[in-house]
Structures are given as structure tokens and as C-alpha cells.
Amino acid sequence: MTTSSFLDEATLRGFVFQCTDPDGLRAAMAGAPITGYIGFDCTADSLHVGSLVQIMILRLLQKYGHKPVVLLGGGTTRIGDPSGKDESRQLLTDAVIEANMAGIRRCFTPFLRFGTAPSDALLTNNADWLDTLGYIPLLREVGVHFTINRMLGFDSVKLRLDRQQPLTFLEFNYMILQSYDFRELSRRHGVTLQIGGSDQWGNIVAGMELTRRTDARTVHGLTTPLITTTSGAKMGKTAQGAVWLTADRVSAYDYWQFWRNTEDGDVGRFLRLFTDLPLGDIGRLEALGGAEINEAKKILATEATALAHGRAAADQAGETARSAFEDGQAAASLPSVAVAAAELAAGIPAFRLFALSGLATSNAEARRLIRGGGARLNDVSVIEEAMLIGADSLRDGAVKLSAGRKQHRLVRPE
């Protein structure tokens with residue numbers, strides 16, 4: 001395994017969407033280990049699965065002997081990244097940002113090795129330099145390298161303007177500060193690679209150009225694709241809410257169930273992106289058909305959960321699911337109700353299905369059950385009363401509904 005092999009495996013696993021200079025990056029990595037970074041703004045006290053591609057590519061970078069840098073946006077969160085947004089983010093107080101940073105730090109330790117060795121990950125905060133900037137000096141030293149013409153052409157700006165949505169002057173400055181981050185990390189830590197989501201391409205290129213113009217240094221940019229499911233849903237979002245990476249937000253069991261419920265067409269892709277399994281093993285798993293694809297989903301669930309929550313928690317989650325869903329005696333002992341197959345195919349509101357199942361005596365009681373946190377679908381909490389439960393929720397021919405810990409029903413189509 002050589003340091004230059006990173007780009008090969010990253011491409012094979014599906015991490016690479018765009019790269020500013022693949023040959024140049026490959027040559028740089030062949031010469032010696034490099035340092036690469038990804039920035040994470042602190043808009044919540046945890047990250048969710050939607051950020052997992054970024055974390056996993058940093059993990060892959062470290063695997064090949066390179067140094068990953070996690071940049072927390074203690075400074076840029078005070079502005080809000082307009083990329084991919086139709087409207088301005090709510091401005092957060094400094095106290096909230098500080099609390100969010102403390103929570104987010106926990107998301108990286110299961111995936112990255114931190115320490116003082118050359119390839120150990122480094123955690124930084126851009127407030128360390130952004131908070132000390134003077135406005136006029138910044139305009140004179142950095143602002144002269146940004147033309148309004150060019151900035152108006154970036155997707156993050158065009159999206160708002162094309163949709164006639166307001167873009168504040170505060171947000172308009174975000175790309176300048178992100179560019180400043182790239183140059184500052186280049187100066188402080190020798191960073192030569194910035195990685196980000198596909199919506200960050202313009203910001204990354206702007207940072208590369210600033211670094212080249214002011215420091216005469218060549219740096220590189222790489223973006224990852226936006227991950228959506230086969231059905232078109234955004235990764236990390238479910239009808240039950242965001243799938244967070246920390247156990248105080250989403251339990252290891254619910255996390256396991258999220259991956260177990262992966263659509264058939266996504267299994268191979270998610271195994272490549274979100275597990276460390278060898279590509280040859282993944283190829284065999286994604287070739288499974290029929291009911292056997294469920295075994296691949298369980299492996300995906302266990303391997304992904306082991307990375308985020310530890311192997312013991314992943315194995316326990318898998319065993320709990322097995323006993324609840326697959327133990328023949330346990331399944332046979334659960335009462336079941338039948339609903340019209342056509343009705344289930346169209347989707348039944350959660351509150352209505354809980355009432356039909358007998359777990360609630362009325363729609364109103366079912367709504368109260370869901371609002372109180374006592375309703376579960378296939379052992380995953382239901383938090384939206386009107387979410388549609390359809391045929392895609394069938395597991396071994398039935399949908400399992402639970403009210404609390406002891407009341408269960410199997411809903412079967414007829």
C-alpha cells in the first residue's frame with residue numbers, strides 16, 4: 001500500500017466527484033504524505049449521516065499515511081454557509097456555537113486516530129484566526145483577489161439570485177473566509193488538499209487561487225458527490241428525522257436499523273462508502289439477489305454501526321433485531337392484523353395504521369402515542385404522525401409496530 005494509492009481506492013469506493021488536478025494530486029501524494037482538511041460548521045451539537053461521507057474519506061486519507069485535519073467552523077458558523085441553501089440560516093449565538101463544537105468533536109473520535117504521530121488527525125477551529133481579523137486589513141490584503149464578477153458566477157450565489165431569494169452581504173463573504181481558511185491552514189499546518197461536498201467546489205477553487213496568488217503555492221481540491229438513495233431521498237434524512245452519529249441523539253440500535261433498512265439498490269454503494277470491508281467482499285455481497293440481499297444489509301448495518309458505536313454495540317443491536325424479527329417462536333407469538341395490499345402500497349399515515357392495528361383505540365390516541373415517543377416502526381422510533389408507512393417497510397412479509405416496550409403487532413398485506 002503506497003500513499004499515492006489513496007486516490008485509486010477513493011475513486012473505486014465512489015468518494016470522488018471532482019478533482020482539480022488528479023495527476024498533480026497523485027504525484028504530490030507519491031512524493032510524501034500530504035495533509036488534507038475538511039471543514040464542518042457547528043450548526044448542531046452533533047453531525048448526522050449526511051456528513052459521514054466526509055468523515056469516511058478523511059478516514060481513508062489516514063489509512064494511506066496522510067494527515068487528516070478536521071476544521072471546526074467556530075468562526076464561519078457565525079455567518080452561515082449559503083451553499084445549497086434557498087434562504088439564510090438562523091444566526092446562532094456564540095454560546096450555542098461553542099456548545100455545538102463540544103458536541104461535534106465527539107463525532108470524529110470513533111473514525112479517526114488523533115495524536116502526535118505524523119499521520120494522526122488534527123482538530124482545529126477557524127475562530128482562532130478569523131476572530132482576530134481586522135475588516136479593513138482583510139479587504140486590502142485578501143479582498144483585492146476576489147472579483148464580484150467571479151463571485152456572482154459561483155453556484156452558491158447563483159442559486160439564490162436565480163430563485164430571487166435574498167443573499168445577505170454577510171453570507172456573500174463566506175467564500176472569502178473559507179478561502180482564507182485554506183490559505184491559513186496551508187501556512188500553519190502545510191495543508192495542500194481541501195475536500196468538501198460537491199456544493200463546495202466554487203469555495204475550494206477560490207481558496208486554491210488565493211493561496212496561489214499570495215503564497216505562490218500549489219494546492220489541490222477534491223469534492224465528494226451528493227449522496228441520495230435509490231428513491232431520491234437525501235442521505236441521512238428519514239421520516240423519523242435526522243440520523244445522528246452520537247448515541248445520545250440516536251441509539252446504536254436505531255442506527256443499526258437505519259442501515260438495515262437500506263434500499264436494495266443502495267447496498268453495494270453504501271458498503272463501499274460507509275464500511276471498511278474489502279472491495280472484493282463487497283462485490284460478492286452486492287451480487288446477492290432475492291431474500292439473500294437481506295444478509296448483505298445486516299452486514300452493512302453491523303459494520304457501519306461498529307465504526308460509529310463500537311463492535312460490541314453493533315453486535316448487540318444485530319442480536320436484538322434478530323430476536324425481535326427472525327426468531328420463529330417470537331414472531332409467531334406476535335398478534336397480527338391484515339390490511340389491504342393496495343392500501344399499504346399507497347402508504348398509510350402512521351397514526352392511522354397504529355389505530356388500525358389496535359395499538360391505539362382511535363386516531364387521536366395514536367397521535368398522542370407518537371407525540372409521546374412511544375410508537376416504533378420496525379423497532380425505530382416514529383416521530384411524525386402523518387408519515388406514510390408503505391410496502392417498503394415490509395420485513396419478511398410484515399410491518400412490525402410497537403407501542404412502548406411490550407405491545408407489538410405485525411401488519412400484513414392481504
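Is Glu-209 buried or exposed? Glu-209 is buried, with a relative accessible area of 18%. The structure described here is a predicted model.

## Arg-150 and Glu-209

Glu-209 is the partner of Arg-150 in a salt bridge, and their closest N and O atoms are 2.9 Å apart. Arg-150 belongs to helix 7 (residues 148–152) and Glu-209 to helix 11 (residues 201–215), so the pair ties together parts that are 59 residues apart in sequence.

The two partners fall into separate accessibility classes. Arg-150 is partly exposed, at 38% relative accessibility, whereas Glu-209 is buried because its 18% is under the 20% limit for that class.

## Arg-78 and Asp-94

A salt bridge also links Arg-78 with Asp-94, with 3.4 Å between the closest N and O atoms. Arg-78 sits in the loop between strand 3 (67–73) and helix 4 (94–105), while Asp-94 is in helix 4, so this pair ties together parts that are 16 residues apart in sequence.

Both residues are partly exposed: the relative accessible area is 37% for Arg-78 and 49% for Asp-94.

Glu-303 and Arg-311 form a salt bridge whose closest N and O atoms are 3.0 Å apart. Glu-303 is buried, with a relative accessible area of 19%. Arg-311 is partly exposed, with a relative accessible area of 41%.

## Helix 12 against helix 15

Which helix has axes that come within 8 Å of those of helix 12? The partner is helix 15 (residues 293–309), and its axis crosses that of helix 12 (residues 252–260) at roughly 140°. Helix 12 is therefore oblique to helix 15. The crossing of the two helices is right-handed.

On the side of helix 12, the contact is made by Ala-252, Tyr-255, Trp-256, Trp-259 and Arg-260. Helix 15 contributes residues including Asn-294, Lys-297, Lys-298, Leu-300, Ala-301 and Thr-302. Further along helix 15, Ala-304, Thr-305, Ala-308 and His-309 also take part in the contact. Sorted by class, the contact of helix 12 with helix 15 has eight nonpolar, four polar and three charged residues.

Notes:
Residues numbered from 1 in each chain as written. Predicted model: local features only at pLDDT ≥ 70, side-chain atom pairs only at ≥ 80, totals over all residues. Heavy atoms only, no water. Salt bridge = Lys/Arg side-chain N within 4 Å of Asp/Glu carboxyl O. Helix = DSSP H or I, 4+ residues; strand = E, 2+ residues; numbered from the N terminus. Buried < 20%, exposed > 50% of the residue type's maximum accessible area, 1.4 Å probe, protein only. Axes fitted to C-alpha atoms, helices over the stretch in contact; angles between N-to-C directions. Parallel < 35°, antiparallel > 145°, perpendicular 65-115°, else oblique. Left-handed = near helix turned anticlockwise from the far one by under 90°. Contact = heavy atoms within 4.5 Å. Nonpolar A, V, L, I, M, F, W, Y, C, P; charged D, E, K, R; others polar.
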